[in-house]
Amino acid sequence: MRTFPIAVAALTFSAFAPVPAANAAAPARCESVTVAVSMAPGEPADQRVAGTLCTPPGRRAATVQVLVPGGTYGQGYWSTRPAPGVPSYVESMTRAGYATLAIDRLGAGRSSRPSSDRYRPQTHTGTVQQVLDGLRAGRIGGRRFARVILAGHSLGSAIAMRIAVDRPRAVDGVVLTGVASRQNDAAFAELERALHPAARDPRFTGLGLDDGYVTTRPGTRADLFYHRPAMAPATLAGDEAAAQPDVFPPYEAFPTPEEYRRIRVPVLLAVGRHDRLICGGTGSDCSGSAALRAQEAPWYGPSARLRAVVVPGSGHSINLQRTAPVLFAAVRSWADRHVAPR
């Protein structure tokens, strides 16, 4: 039974607090930002999406990557180092000359936590779109960027796809991680059993959450989201402590593979070789990058110029595995070539 969208599982809370990106010579310039958003068209902009905008030191970046975390993850997913001395996603991109805006989706991290009955099927997609509109208008960080790349993980990828399908001019490129056209239904059923109301979880005592907010049960994340041999123990402990409360949209809120052809911008698709939610069983062929691309390419049109990458030694939460630099290098190369040639 598909209760959740494709790869919703990429489930950060303040245990993975955003950290400034570092350059070998100087740190990136990072600032906390908030964006007023409405939960549905016609409603007041009475909620806030929080994020961290980082720009490379010593240069004016022309391209910004908007980073959308998966279910029960917050913006720290993008700024947490996968192992000591290994740069995070944000560090890798700012070193390469890209600005980044990592956000907490509504309900997570420093963003607003409205009553769950106010969420609509398109609330998550709509609020991210409002962040993109604010960037384009120069209302975030006081400047406009020439190009915007929308990068997602799991549920964040489903949101990115919905935006790219419905508003192809909103972005100049899309990075989709922890998602594919086929998923492992048995693993998703296991994920459903691993969820419980966040209000009953001692990690969220005092937040005043209703039972529409869910999170992963303590001790379940390692087997669902990671390939243990490529996991730093301290990172795994931090991820367990970082589990976020979340309100999941219905599966129908996101595009079906038949709609992917409407994406008119370059697409990079990446999954972990050992991603239990995406690979194996009824899921995708993750035996190699060529195999994954052969599976996915028929769904996309020529404008997508699809590139697919299978990250070795990785589970679902790619950014937090020791092999994450494989993904980071692929994103930099793809962005330089297809979105922001320099």
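Guide: Start at Ser154. This residue is buried, with a relative accessible area of 0%. Keep in mind that the model is predicted. Ser154 sits in the loop between strand S5 and helix H4 (155–166). Its backbone deserves a look. Most residues other than glycine have a negative phi. Ser154 is not a glycine, yet its phi is positive, about 55°.

Thr72 also has a positive phi. Its value is near 60°, and Thr72 is not a glycine either. Find Thr72 in the loop between strand S3 (63–68) and helix H1 (76–79). Thr72 has a relative accessible area of 0%, so it counts as buried. Now follow its side chain. It makes a polar contact with the side chain of Arg221, at 3.4 Å. Arg221 lies in helix H6. Instead, Arg221 has a relative accessible area of 0%, so it is buried.

The buried residues of H5 pack against H6 (221–225). They also pack against strand S7 (195–197) and strand S8 (214–216). Which residues of H5 are buried? In H5, residues 185–194, they are Ala187, Phe188, Leu191 and Ala194. These four cover an arc of only 110° around the axis, which puts them on the same side of H5. Now turn to the opposite face. Pointing away from the buried side are the exposed residues Ala186 and Arg193.

What caps the N-terminal end of H5? The cap is Asn184. A side-chain oxygen of Asn184 lies 3.2 Å from the backbone nitrogen of Ala186. Asn184 itself belongs to the loop between strand S6 (173–177) and H5. Its relative accessible area is 11%, under the 20% limit, so Asn184 is buried. The side chain of Asn184 has another polar contact. It reaches the backbone oxygen of Cys279 at 3.3 Å. Leaving out residues up to four places away in sequence, Asn184 touches Arg276, Leu277, Ile278, Cys279, Gly280, Gly281, Thr282 and Gly283.

Next, the aromatic rings. The chain has six aromatic pairs. Take Tyr73 and Tyr77. Their ring centres are 5.0 Å apart and their planes meet at 55°, so the pair is tilted. Both Tyr73 and Tyr77 are buried. Tyr260 and Tyr300 make a tilted pair as well, with 5.2 Å from centre to centre and 35° between the planes. Tyr260 lies in the loop between helix H7 (233–241) and strand S9 (267–272), and Tyr300 in the loop between helix H8 (289–296) and strand S10 (307–311), so this pair ties together parts that are 40 residues apart in sequence. Are these two buried or exposed? Tyr260 has 1% relative accessibility, so it counts as buried. Tyr300 has 5%, so it is buried too. Together with Trp78, Tyr89 and Phe328, they form one aromatic cluster.

For a contrast, move to Ala146. Its relative accessibility is 52%, over the 50% limit, so Ala146 counts as exposed. It lies in the loop between helix H3 (123–136) and strand S5 (147–153). Recall that Ser154 lies in the loop between S5 and H4. Which residues does Ala146 touch? Not counting residues up to four places away in sequence, they are Ala62, Arg136 and Asp172. Ala146 and Val64 are 82 residues apart in sequence, but 8.3 Å apart in space, C-alpha to C-alpha.

Last, step back to the whole chain. It has nine helices and 10 strands. The C-alpha trace spans about 50 × 45 × 40 Å along its principal axes. A compact globule of 342 residues would have a radius of gyration near 20 Å, and the 18 Å of this chain agrees with that. Of the 342 residues, 61% are buried. Ser154, where you began, is one of the buried residues. The accessible surface comes to about 12,400 Å², and 53% of it belongs to carbon and sulfur atoms.

Definitions and conventions
Residues numbered from 1 in each chain as written. Predicted model: local features only at pLDDT ≥ 70, side-chain atom pairs only at ≥ 80, totals over all residues. Heavy atoms only, no water. Buried < 20%, exposed > 50% of the residue type's maximum accessible area, 1.4 Å probe, protein only. Helix = DSSP H or I, 4+ residues; strand = E, 2+ residues; numbered from the N terminus. Arc of directions from axis to C-beta. Contact = heavy atoms within 4.5 Å. Polar contact = N/O pair within 3.5 Å; in protein donor to acceptor, adjacent residues only side chain to side chain. Rg over C-alpha atoms; globule rule 2.2 N^0.38 Å. Areas by Shrake-Rupley, 256 points an atom, 1.4 Å probe, with all protein chains shown as cover. Phe/Tyr/Trp six-rings, centres within 6.5 Å; stacked < 30°, edge-to-face > 60°.
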